[in-house]
Amino acid sequence: MYEDDKRVQGFSTRTLKAYALQHKMLMQELGNLDITEVTLTMLKEYLTKQADRLNSSSLGYRIRIEEDVIHLKISCQSLRERALLEFLYSTGCRVGTVEKINLEDLNWENCSAIVNSKGSKQREVYFTTECKVWLKKYMASREDSLFVTDTHPTKRMAIPTIRWALKRLADRGEIEANVYPHFNPDRIN
């Protein structure tokens, strides 16, 4: 059902195959359990074992990525920068997708947003509790749209403005990797 749902949402065949492989590996590890029997501890143990299987260069790469994310977070100098970074990082959305998000697209209760992705397809993305906290702090400081410029009159941040904001964060954090907006831990390179 999950795969069918993602296919309807427009996920690519390649993405669906990657999800299926991850699911298969998880099921092999956990065995034939009912979903209600799966605990957070079981999932953490599984992820720890997966990390143990990485070669030292892959593991080093992932550690460096996490360090870079910490440097980016520390480099934020405004509520907008931190909220934008957290949203991009936790959802993995593209800049063009983030540019179009409206306040009414956010669902605070389940930490999700309805976004229009490539091909004008709507899908739901989820953000972390940490992201929710920063978004709420940012929104408390304003009464208009999500992710707007600092100039007057304010207007929605455009794609080049979002990219420039991330470049500025990377420069401040002295990150040598190329930080780009389709953001998740494996996409900083």
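How many salt bridges does the structure hold? The structure, a predicted model, holds eight salt bridges. The protein chain comprises eight helices and three strands, and 34% of its 189 residues are buried.

**Overall fold**
- Read from the N terminus, the order of elements is α-α-α-α-α-α-β-β-β-α-α.
- Among contacts between residues at least 6 apart in sequence, 54% join residues at least 24 apart.

**Salt-bridge network**
- Lys 73 and Glu 86 form a salt bridge in which the closest N and O atoms are 3.4 Å apart. Lys 73 belongs to helix α4 (residues 56-75) and Glu 86 to helix α5 (residues 79-91), so this pair ties together parts that are 13 residues apart in sequence.
- Lys 73 also meets Glu 130 in a salt bridge, with an N to O distance of 3.3 Å. Because Glu 130 lies in helix α7 (residues 129-140) and Lys 73 in helix α4, the pair ties together parts that are 57 residues apart in sequence.
- A further salt bridge joins Arg 82 to Glu 86, the closest N and O atoms being 2.9 Å apart. Both of these residues lie in helix α5, where Arg 82 and Glu 86 are four residues apart, about one turn of the helix.
- Through shared partners, these salt bridges join Lys 73, Arg 82, Glu 86 and Glu 130 into one network.
- Glu 86 is buried, at a relative accessible area of 1%; Arg 82 is buried at 12% relative accessibility; and Lys 73 is buried, with a relative accessible area of 18%. Glu 130, at 35% relative accessibility, counts as partly exposed.

**Largest nonpolar core**
- In soluble globular proteins, nonpolar side chains tend to be buried together.
- The largest nonpolar core has 32 residues, of which Leu 84, Phe 87, Val 98, Phe 127, Leu 135, Leu 146 and Phe 147 touch the most other members.
- Two or more residues of this core come from each of α5, α6 (95-99), β2 (112-117), α7 and α8 (159-172).
- Neighbours within four places in sequence aside, Phe 127 is in contact with Phe 87, Ser 90, Thr 91, Leu 106, Asn 107, Trp 108, Cys 111, Ser 112, Ala 113, Lys 132 and Leu 135.

**Packing of α5 against α8**
- Two packed helices are described by the angle between their axes and the distance between the axes.
- For α5 and α8, the angle is about 100° and the axes are 11 Å apart. The two helices are therefore roughly perpendicular.
- On the α5 side, the contact is made by Arg 80, Glu 81, Leu 84, Leu 85 and Leu 88. On the α8 side, the contributing residues are Ile 162, Ala 165, Leu 166, Arg 168, Leu 169 and Arg 172.
- Seven of the residues in the contact of α5 with α8 are nonpolar and four are charged, with no polar residues.

Key
Residues numbered from 1 in each chain as written. Predicted model: local features only at pLDDT ≥ 70, side-chain atom pairs only at ≥ 80, totals over all residues. Heavy atoms only, no water. Salt bridge = Lys/Arg side-chain N within 4 Å of Asp/Glu carboxyl O. Buried < 20%, exposed > 50% of the residue type's maximum accessible area, 1.4 Å probe, protein only. Core = buried A, V, L, I, M, F, W, Y, C linked by side-chain atoms within 4.5 Å. Contact = heavy atoms within 4.5 Å. Axes fitted to C-alpha atoms, helices over the stretch in contact; angles between N-to-C directions. Parallel < 35°, antiparallel > 145°, perpendicular 65-115°, else oblique. Nonpolar A, V, L, I, M, F, W, Y, C, P; charged D, E, K, R; others polar.
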